[in-house]
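My notes follow the structure.

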Amino acid sequence: MFIPNTSAQMTEHDTPPAGSKGLEQVAIDGATPAELISGPARWVVVIGTLLSLVLVINQLFNIQLLGIVLIEGRYLYVLGGLFLALSFLIFQMRGGKGGNPSLLDWLLFALSIACTGYLAQTAQQNLSQGWEYAAPEMAQYVSVVFFFLILEATRRAGGLVLFIIVTVFAFYPTFAGQVPDPFSGFQSTFMQTVPYHIYSAESSFGIPMKAFGGVVIGFILFGAVLQRTGGGQFFNDLALGLVGGYRGGAAKVSIFASGFMGSMSGSVISNVLTTGAVSIPAMRKTGFSAKTAAATEACASTGGVLMPPIMGATAFVMASFLSRPYVEIALAAAIPSLLFYWGLFTQIDAYSAKRGLRGLPKPDLPRLREVMIEGWPYIFVFALLLYMMIGLRQESSAPFYATALLLVVNQFRASHRLNVTRLGNMIVGVGMGLAELTAILLGVGLIVGSFSATGLAGTLVNELVFIAGDNTLVLLLMGAVTAFIFGMGMTVTACYIFLAVVLAPALEAGGLNQLAVHLFILYWGMVSYITPPVALGAFAASTMAGSNPIATGFEAMRLGGVIYIAPFFFVLNPALIGQAPAWEVTVALSCALLGVAMISSALQGYVSLVGPLDGGAGLPLRIMLFFGGVLIAMPHNELANLGYALSFLIGAALCALPIFVAWRANTTDPRPA
C-alpha cells in the first residue's frame, strides 16, 4: 500500500478544526464507529446483518433454504424490520454512532422486532384482504407503533431537517382537505392514513424499499468489502501513478480516486472524509490553497454519486421508478458524468498552469508496475462485475458474485487478509450502512405514500405546467430551484425519490425526455452539496483542510460550475444521454466537450495550452469566453439545422478574441501553458 508523504510544508492551518471528528466515518480516537460498538450490541448487529444477508441471498437466488419461499411483501417486512431494529442500536438516543445503547434504545429495538414479526406473519392476509384500506383492529394498532418507530429511526439516521419534512408529509393526508389549492387533496382520518402507510405497496414498503431489497443491498455490500480489503487505496495509488507527476497531479488524482469511490459508496460526506484524508494533504503539499484543495475534493466526491458504473443506491431506485434495466440508466448517465469531470479536470489544469504548480515529486509517486502487481485482483473483480451487469444483465446477482470473488482472492494477500477482528468490523460496518439507508428509505416512503393517498402529485403537475405555460425553460428553472431547495435537507436518494414523485411528472408533461428528466432532478438535487449556505460536501472537506467553510463553498461552486449548466444541456438535447443516432451523439458530445472547456477556462481566467486572461480587460474577455462556450455547447433538438450552426459560429467567434489575447499574453510573459 502506497501512502504519499504529505507531512512536508504543512502549517497550523492544515490541522482540522476541533469538532471535525463528529462527522460521519471519521475515526474517533483511532477507532471507527464500527469498532466502537461493543458488547451485546455489537453481537446483535453482527448476527442481524448476517441473517439479513442470508435472507437476501436466499430470496434473490431462489435457493429455498430450509424450504423457505417468501412472497415479496413478507420478504420486505422482514428485511426492512430487521435493519430498522438495528438502527436503534447504532444511532442511539443521545446522538451519534457507536457506544453502548441505553435501555430505551434496547426497548425500541425489541418493539421493532415484535412489530416486524407480526407484519411478516400476516403478510399473506394483508395481501388477500386489502389491509391498506380495511385493516382489522389489531393490525391498526401495530401499524401505529411501527409508523412512529419509522419516524424516530428517520430522525436518528437522517437528521432533524429530514425528520421534519417526513413528519409533515406523513401526516399530510389527515389535513389535506383543509389546505388551499393547489396543495389540497383527498383527506383521511389518522387511523385510515397510518395503515395505508404500513400495509400498502405505495408507501414505506413501496418502490424505494423494493429497489433496496432487490439490487441496492448487493452493491452496498460490494462497496464496503472493497474498501475494507484495500480497494480504495489501490485505485488511489493507480491514479497517483498515472497522473500524479503532472501539474496539479494531486488534484487530478483526487478527481479520479474520489469519483470512483463515490460511485460505489453513494455518499458524498463519507467519500470526502475517506479519500480526502489522503488527497487534501497531497494537494496542499504541491501548492494548492486550502480552500481549493477542499473544494476539489468536495466536487470530485459529489460527482462520484453521479458516475457510472454504480452511481450509489440512487441509480437503482431510478431504474425501479422508470421500470428500465439499470444498464440503460448507467449508459445514459455516462456523458453527463464525463462533462462534469471534464469541466473539473480542465479547471484544475488551468488553475495549476496559472500558478506554475508542479506535480508530486517522483519519490512520492508509486510505481505503476508495483501497484498493478499488488492490486491486479481488483481489476479482475471489477471486470467480472461489469461483465455480469452489462454483458449478462444480472444487476441483482452481479455484486454478490464479485464480492465472493473479492473475499476469496483477498485471503491470498497478506497485506489485507481478513482476520476475526477485521471481519467483525467489516460486518458491523456493512450493517451500519444498511441500517442507515433502510431507516431513511422507510421514512421517505411515507412521503411517497402521502402523495399517493391524497392524489396531490397529479394536482401539482397540472399547476406547475399551468404556471410555466408553454415555456419549457421556465419549467426547467422552476424544477431546478425546487430540486436545489429539497436537496438541502435530504440525502441523495431521499431527495431523488421525493422529486421523482413531485417534480418529474410535471417536466415530462412539458414534453421532455423521461430519462433526461430523472437525471436532471438527480443532478440538481446534488447541487446543494457544493452550494452555500448548505454545501455539506464542501464544509466537510473544509474541516480537513482547515479552510473557511463559506469560502470553500464558493470555490467549489466555481470548480463544479458545469454541474449547474450540464443538466440543461442534456435535458434539452437527449443526444447527450445517448438517446439519438450515433452521429448526433458524436456531434453533440464533441461540441459539449469543447464548450465546457471554454466555460472552465473562463471561470479560472486561464486557457490551458494557451495562456492567461489577465489585466484590465480580463473580466470582459472571461465573460465573452463563458458565453461563447455556452453557445458552442448549446443544445438543439435538431442538429442539422441553421440555428445550431449559427449558435456554434457565434460561440466560436466570441471565444476567438479571448483565446488570441491569452496567446499574446503568454508570448510576452511566458508561463507553462
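This is a predicted model: local features need pLDDT of at least 70, side-chain atom pairs count only at pLDDT 80 or more; totals for chains, interfaces and linings use all residues.

**Notebook: burial and helix packing**

I started with burial: 58% of the 673 residues of the protein count as buried (under 20% relative accessible area, with exposed over 50% and partly exposed in between; 1.4 Å probe, protein chains only). Residues are numbered from 1 along each chain as its sequence is written, and side-chain values use heavy atoms, with hydrogens and water left out.

Next I checked the inventory and found 30 helices and 2 strands (DSSP runs numbered from the N terminus: helices are H or I with at least four residues, strands are E with at least two). For contacts (heavy atoms within 4.5 Å), I looked at those with a separation of 6 or more: residues 24 or more positions apart account for 76% of them.

**α3 against α7**

I was after an angle and a distance, since two packed helices are described by the angle between their axes and the distance between the axes. The axes of α3 (residues 72–90) and α7 (residues 137–158) come within 10 Å and cross at roughly 55°. Axes here are lines fitted to C-alpha atoms, for helices over the stretch in contact, and angles run from 0 to 180 degrees between N-to-C directions. That makes α3 oblique to α7 (under 35 degrees is roughly parallel, over 145 roughly antiparallel, 65 to 115 roughly perpendicular, the rest oblique). The crossing is left-handed (near helix turned anticlockwise from the far one by less than a right angle; clockwise is right-handed). On the α3 side I found Gly 81, Leu 84, Ser 87 and Phe 88, and on the α7 side a set including Phe 146, Glu 152 and Arg 156. I get 6 nonpolar, 2 polar and 2 charged residues in this contact (Ala, Val, Leu, Ile, Met, Phe, Trp, Tyr, Cys and Pro are nonpolar; Asp, Glu, Lys and Arg charged; the others, Gly among them, polar).

**α10 against α15**

Here I have α10 (residues 207–228) and α15 (residues 314–322), with axes within 9 Å and a crossing of roughly 135°. These two are therefore oblique to each other, and the crossing is right-handed. α10 brings Ile 207, Ala 211, Val 215, Val 216 and Phe 219, and α15 brings Phe 316, Val 317, Ser 320 and Phe 321. That contact divides into 8 nonpolar, 1 polar and no charged.

**α24**

Last, I looked at α24, where 12 of its 13 residues are buried, among them His 518 and Trp 524.
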